[in-house]
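This report describes two chain-to-chain interfaces. The sequence and structure are shown first.

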There are 4 protein chains.
Amino acid sequence: MSYARQLLDTYPRSFDVDAGVLAATIDAVNDCAQACTSCADDDLSEPDVAEMVKCIRLCLDCTDICTATGAVISRLAEYDPGTTRPLLEACVAVCKSCGDECERHGHYEHCRVCEQACRRCERACRDLLDALK
Amino acid sequence: MSYARQLLDTYPRSFDVDAGVLAATIDAVNDCAQACTSCADDDLSEPDVAEMVKCIRLCLDCTDICTATGAVISRLAEYDPGTTRPLLEACVAVCKSCGDECERHGHYEHCRVCEQACRRCERACRDLLDALK
Amino acid sequence: MSYARQLLDTYPRSFDVDAGVLAATIDAVNDCAQACTSCADDDLSEPDVAEMVKCIRLCLDCTDICTATGAVISRLAEYDPGTTRPLLEACVAVCKSCGDECERHGHYEHCRVCEQACRRCERACRDLLDALK
Amino acid sequence: MSYARQLLDTYPRSFDVDAGVLAATIDAVNDCAQACTSCADDDLSEPDVAEMVKCIRLCLDCTDICTATGAVISRLAEYDPGTTRPLLEACVAVCKSCGDECERHGHYEHCRVCEQACRRCERACRDLLDALK
């Protein structure tokens, strides 16, 4: 069981969203942040780095947005939909863009791994947006 | 002149948004991230910390979102409105909430300073959203 | 298998450190960053929040240092011991302090979970320091 | 006056280090984080991006370490030299490496600007290390 789930299960207050959906999203954004940090560095090591510039940029954006999203959704009380919803929407959008770009470079195994992390994160953020409705 | 502005003026590619508006927003989100980090720590040092819990949480969220926003809007090329717009909207929302909460604690000078940083950041993000239309 | 390990296994260049040790450290610092973000928020929800101030501060420091450490050790090439060694030492130190403080609050289950994450991260960073010798 | 200085001047507790030195360091690490984020993106836009890979990596490391350092030194109370000293040493080291690499690319104006930010940050972190003795 991930630390995110263990810590939701020990939370001192009640909260409104399903703990399983929330923990899955926290884990997915953290995994995606890590995958994108690594993929950006892998891209920088490829011989055709000039072809990878868009992928690097999207990976860097994706890491930054996933990291912020993971922190904000981990702070359960004082939940503010005016902030959390657009943040999750930004996370969905950057994961979609980054996953699509990694798919274009699917001849690189690191891009295939990163694409999986982005697709899973995109789905998890959509699921959380649905659960928060 | 801030580093943000100097670096925009030396950017190797052209970009579509006014450099002055963009640099002002970058500076405002970075300043706001710093003010909120400090204000959260100040709140933790107050004798009535239990009254400051909401303020601390909002300051932490505000720092995380401002930091991500500053990084993403600093990466000019490959601008993706599907990502940048909701991220700026999340930043506007959290700055509004955090500024309002700091205003409630205006008897603390650090909350007054942090409120100013949040209000300025909110305005700057709105201006950039308008400029990106 | 974690994304960190999968991405190390697909890295385009060779690198000098054992992939298993490095991947375990990346996973441990990311898990610890998440545990500390959640624990700080849990602390803020406890009725005796004034007693938890030191724990909150250490959790916030621990998250920030673990996040930076995870990113830096994920960028394998251009490894610079002058930077990586003191950064890992800072990570060891903050995990030790944060784990000790969480142990003091072991009547809170979230502090027990966070202590485990800190101890595991401290060990992993020490192992990586040894492996980098 | 920067927000960092204003917020130090309103801090509810006493602290042991000179407020001017501390505020100058907070401002320098935040400015350096921003300069390195921009410089990495500028590097990615240059026609000879393959020559800029080391510079990009060092800029990314420098941003991550400066951001963590700025947050940790902004949390004044519970100051823990076992953590803060090696973190500042890591910051000095990465600023030195990044500044040196940017100097090598001084034909690019963005690298000259970033080098200045790195040198200033390196000096500020050394000054704070001295002041904390």
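How many residue pairs are in polar contact between chain A and chain C? In this predicted model, the count is 10 residue pairs, both residues at pLDDT 80 or more. Salt bridges between chain A and chain C number 0.

The A–C contact involves 32 residues of chain A and 32 residues of chain C. About 2,800 Å² is buried there, and carbon and sulfur atoms give 59% of that area. On the chain A side, the most area is lost to chain C by Tyr3(A), Leu7(A) and Gln34(A), which together make up 25% of what that side buries.

The D–B contact brings together 33 residues of chain D and 33 residues of chain B. Of the area buried between chain D and chain B, carbon and sulfur atoms give 59%.

| Interface | Buried area |
|---|---|
| chain A and chain C | about 2,800 Å² |
| chain D and chain B | about 2,700 Å² |

The helices behind these surfaces can be listed by chain. In chain D, α1 (3–9), α2 (19–44), α3 (53–74) and α5 (109–131) give two or more residues to the side that touches chain B. The largest share, 11 residues, comes from α2(D). By residue class, this side of chain D divides into 14 nonpolar, 11 polar and 8 charged.

Definitions and conventions:
Residues numbered from 1 in each chain as written. Chains lettered and ligands numbered in written order. Predicted model: local features only at pLDDT ≥ 70, side-chain atom pairs only at ≥ 80, totals over all residues. Heavy atoms only, no water. Contact = heavy atoms within 4.5 Å. Buried area = accessible area lost by both parts, 1.4 Å probe. Helix = DSSP H or I, 4+ residues; strand = E, 2+ residues; numbered from the N terminus. Nonpolar A, V, L, I, M, F, W, Y, C, P; charged D, E, K, R; others polar. Salt bridge = Lys/Arg side-chain N within 4 Å of Asp/Glu carboxyl O. Polar contact = N/O pair within 3.5 Å; in protein donor to acceptor, adjacent residues only side chain to side chain.
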